[in-house]
Protein chains: 2
Amino acid sequence: MKPSTTWPLQDIRLGRGVLGGRARLVRDVVIPYQWEALNDRVPGAERSGCMSNLRIAAGETTGEFHGLFWQDSDLAKWLEAASFRLTGEPDPALLAELDATIALLTRAQQPDGYLNTFFQLVAPERKWTNLRDEHELYVAGHFIEAAVAHHAATGTRGFLEIAVRLADLIDRMFGPREGQRRSYPGHPELELALVKLARATDEPRYVRLAAFFIDERGREPNAFIAEAEARGDEEKEPWHFHRDGLNTLQAKIPVRKQTEPLGHAVRQMYLLAAMIDVARELDDDGLRTRCELLWSRIVEAHLYVIGGVGADPWGEKFGEPYDLPSDRAYAETCAAIGVMMAARRMLDLEPRAAVADVMERALYNNVLAGMELSGKRFFYVNPLSMEPAVAKRRHDCRLVKTSRVPWFGCACCPPNIARTLASLGHYMASRLPAGVWLHLYAASEMRWSQDGTAVRLVMETDYPWSGEIKIRLGPEAPVAFALALRLPGWCGNPQLRVNGERVGLAPVTRGGYAVLERTWKSGDEIELTLPMPVERLRANPAVSALAGQVALQRGPIVYAIEEADHGKNLAGISLPRETPLRARHDPDLLGGVVVIEGAARRAQTTPGLYQPAPLATEPVAFRAVPYAWWNNRGEGEMRVWLNEI
Amino acid sequence: MKPSTTWPLQDIRLGRGVLGGRARLVRDVVIPYQWEALNDRVPGAERSGCMSNLRIAAGETTGEFHGLFWQDSDLAKWLEAASFRLTGEPDPALLAELDATIALLTRAQQPDGYLNTFFQLVAPERKWTNLRDEHELYVAGHFIEAAVAHHAATGTRGFLEIAVRLADLIDRMFGPREGQRRSYPGHPELELALVKLARATDEPRYVRLAAFFIDERGREPNAFIAEAEARGDEEKEPWHFHRDGLNTLQAKIPVRKQTEPLGHAVRQMYLLAAMIDVARELDDDGLRTRCELLWSRIVEAHLYVIGGVGADPWGEKFGEPYDLPSDRAYAETCAAIGVMMAARRMLDLEPRAAVADVMERALYNNVLAGMELSGKRFFYVNPLSMEPAVAKRRHDCRLVKTSRVPWFGCACCPPNIARTLASLGHYMASRLPAGVWLHLYAASEMRWSQDGTAVRLVMETDYPWSGEIKIRLGPEAPVAFALALRLPGWCGNPQLRVNGERVGLAPVTRGGYAVLERTWKSGDEIELTLPMPVERLRANPAVSALAGQVALQRGPIVYAIEEADHGKNLAGISLPRETPLRARHDPDLLGGVVVIEGAARRAQTTPGLYQPAPLATEPVAFRAVPYAWWNNRGEGEMRVWLNEI
């Protein structure tokens, strides 16, 4: 097994600021709130059923299963989030809830290791008969991820042993050997969970199983077609394929032959994340090359400016290259989390600032947009423009919510946000043998042991509102290591000082990181300045939906304008090319954000639909707010891409 | 009955030019081609079944009905087109085909007057049980319209008597009297056919029936709900409502309470046309006011620049006001024909150039676009931008064809185009007691009797390519009447001369028409000059999809750019504000059209998706072709609305 580069959550603490604030919101509000939701105690929210399903499966009560065949995964993701949250910060009440739940899981798990309340309670005869559609392996993956997190948090093995029994059952059933089934998950997720389990248990067998699932995928004869025939399933194509065939599941061709991201975006990103893990663990250069290619295509032709993917609402899928419309954007929160997951693993292959840029873009814009500032309402779909009356009417926008909602019948996103924001430390930095590579900047404190010497690193910054970052190092004794600082691609003119002395960047920059290799002593101070002018981004001309439009970005933050600031008809507002735009921190707005202000023009209302004369315009005070903070002031219009005149 | 203002087709003849050319194409190619299609003799086209259905219903052969429950309407529309085509120009072979078909209809019609081959052959027990969904009254309307046209063309009464028997059956069944049913057509069409029948037979009873259908519509208790209950139909809402309830059929509220166009666009336009007819026939000022209101809302908030309506592909419906996207435009050919039908009737209420402008816009752009220059391939949906790979993939564009096709399973549009282009004379002018109001300009010859004096009017023009129009009058003796010439709204500076002398327009302009009232003598010559500069149209700022974009129009013609002229990625082409655009007649292109040319800019390809720097551009020779002529050079990209820089 390769050494993990992931920072143990015990050894990193976020301070004040956006990321620390969201992490504390998850601790104080989101995790307790979602526990209520999983227990069906949130008035007005769609029913979850998760905990009652588990109690019935554990024989503790009677009743009917509620929900979908992947309902357990909502609970598993919450268990993972709650475990992350416990790491390094005791909470006896939460620990007791987790213990009780794990006890239920232990009793619900069948003697052979099987665990899935839907199939146990509703359709035992359908177990393992429909891997294509019914998410058994996906749910198993989430239980395994949660167990690994719980083990890391508590050091106890109860949950991990549940996961091992489940993984071993799967490992016995599936594989290339005589008597084993050659099939794979309809929804990738188990693959990456198996790599985590392998690392937690130091058992490479699980990596081999993940590699088997990845390579078996899409091979001829196609396992899903064979399974459908075995079921006597006469339906040519299930509805959820949305006429895109097995490409929907990345299962029409082997992944090593894929040249574009395909199908359901969350599946594709989870699969890519697992492919990267396996390529690294097995030193599989061919697979690594394929991962690099797919990542490049995603970034070059499929990524929304908010860092999300999946432009096709019909099946939550990747669309045509460069088809990135604002209005019918899907940009599912879970798919953006998938971008972060894949990006973080790409950084394990090689730290490259351009990859971390994408991770940061997805985090600060698409992922954070998935949750209201209250922590209690969520977006599944994240459009880049909103006209509520039109969105409510359009069939192709039927899954768009015009405001965040308390829960979803298919509630993948809310607990996925919780587990992601509860584990931000995993994304902040990589721990490499040579030292520390910092990917994200936030007020924080990190500890590690460098060749036996304990090191403490304190970062002070108002990032992402400010680009001034101060880092103080405190090794218990002088020690040599590399400290690498990401130089974001959005920053044209970064400046670096060490102990007050300017450091020329060109000689030390590798892969977009300023790599400072020296013997560090206590009190060493690094100052990184990342100037954050307001930028107007233009899209590649191949993106036909964005011709003539600009998006505003400052630092990693993408901006939007809202009806709350401008009234209706945001499309009538245009930014003159030469108008200066100023950034201003407004401590009273949306919990304190930097807004972008300036003078724009607003087209005056005309009586008819079409006129040859240029539209008369009048000046309008312009204010843009961070996109991820939109819709915290009531339902209304919103636009990311603005017309430039 | 009010006097008809419609020019008898016998008394009008189109010369060379666009309209005359299309009329001759219909005569020489379209009508024979569609006859082959209706007889299932076009290789590669979707099967029609119309004539075989009729032969089976007439007892002439055996076999199975093919098609949908409104299949007969395709035949009826063709019979109407063929009858129009016979008017004034004998064609013994076509006449014989019509005679034989009418003989079949006579034998197929049941003793009580019923005529609909689907219900007669497939579901006799379902007759009249489902007016909401099953189009019986719609099909009856098309048979009646065809019979009226045949009567006007031939003077024979055979077909008209079929129509009278059918109308009388309906008139006995439906109405306000004891024992009659209070219901109405699910798809409006019969209403306007009844007004035509009333005029052809001088029988006001049919107008009263049309008025009953119109006023019963949407009343409580709702007839369609009562019928569904009587059928024991438990389905809450049929699929074709597309979650828009009875509004889809304009049947949720009475038409006199409607304030916006609603639901299925073709239904709405046909209903509005009938409402205008009935308002005029019955001097119903309340209904007239409602028609004016709905017409205004359509023109102010729902009309595509090509003159079409119906922006919502989900159910072929009107969308939200100002929601007029180019890519997911539906703009069904039949709906644009409905715009022409309603406009022509609005002109009967009062001749207003602004209304005729809309009729002309729909004709030259949306309606003509519905048919290939060959006359053998058709569009149902008319998008305003096309990227073939994206359109083929997008679910919300699944009814879009990227190229015209030979026929449709639901083939409403092709014979609708045929009957419309075969009766252009009806749209050219109004014959009022005071004289003649010219709505459209085309090389043509018209005859009429003015207070007993025969008058001949010859118009010479290259319109719409040129705005020079010469009109020579030839009354057999001097006679006083008004000759009114529409002054199009797109023309800023019309000039008029009579016998070489300049006529000041302001004093003679009424409702946008220059009304020349004098005693005309043979040889009088009128010269109307309508300058046609290239105009850049801007949309109302409320149309968010079109912010920052311009459409090119010259005279009544809306332009588009095509991949055939510019290669791929048309979105990368921008028109500088100041670039001069020239019109040039190209006799060799697309059968001879005026193209618009100039120098534009094309964005150079960039490597990434987003960049802060303005896009580098390079000069590109720009050529736009008339929108309705697009896709006559193979499948490719197309754009009407262009980015302006």
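Helix α7 of chain B comprises 16 residues (158-173) and should span 22 Å at 1.5 Å a residue, in agreement with the 23 Å between its end C-alpha atoms; the expected span is 1.5 Å times one less than the number of residues. Helices (H or I, at least four residues) and strands (E, at least two) are DSSP runs numbered from the N terminus. This is a predicted model, in which local features need pLDDT of at least 70 and side-chain atom pairs count only at pLDDT 80 or more, while totals for chains, interfaces and linings use all residues. Residues are numbered from 1 along each chain as its sequence is written, chains are lettered from A in the order in which they are written, and side-chain values use heavy atoms, with hydrogens and water left out.

**Surroundings of helix α7**
- Among the buried residues of α7(B) are B:F159, B:L160, B:I162, B:L166 and B:I170, where buried means under 20% relative accessible area, exposed over 50% and partly exposed in between (1.4 Å probe, protein chains only).
- The buried residues of α7(B) pack against α3 (71-86), α4 (92-108), α6 (136-154), α8 (190-201) and α9 (205-216) of chain B.
- Just after α7(B), B:G175 adopts a positive phi of about 155°.

**Aromatic pairs**
- Over all chains the structure holds 44 aromatic pairs; rings of Phe, Tyr and Trp (its six-membered ring) pair if their centres lie within 6.5 Å, with planes under 30 degrees apart counted as stacked, over 60 as edge-to-face and the rest as tilted.
- B:Y184 and B:F224 form a tilted pair, because their ring centres are 4.6 Å apart and their planes lie at 50°.
- B:Y184 is in the loop between α7 and α8 of chain B and B:F224 is in helix α10 (residues 223-231) of chain B, so this pair ties together parts 40 residues apart in sequence.
- Both B:Y184 and B:F224 are buried.
- B:Y330 and B:Y380 form an edge-to-face pair, at 6.3 Å centre to centre and 75° between the planes.
- B:Y330 is buried, at 2% relative accessible area, and B:Y380 is buried, at 10%.
- In chain A, one aromatic cluster is formed by A:F65, A:F69, A:W70, A:F118 and A:F119.

**Charges over rings**
- A:K127 lies over the face of A:Y114, at 4.2 Å from the ring centre; the criterion is NZ of Lys or CZ of Arg within 6 Å of the ring centre and within 35 degrees of the ring normal.
- B:R22 lies over the face of B:W629, at 5.2 Å from the ring centre.

**Residue B:E563**
- B:E563 belongs to helix α18 (residues 563-566) of chain B and is buried, with a relative accessible area of 19%.
- Leaving aside neighbours within four places in sequence, B:E563 is in contact with B:K568, B:L570, B:G636 and B:E637, contact meaning heavy atoms within 4.5 Å.
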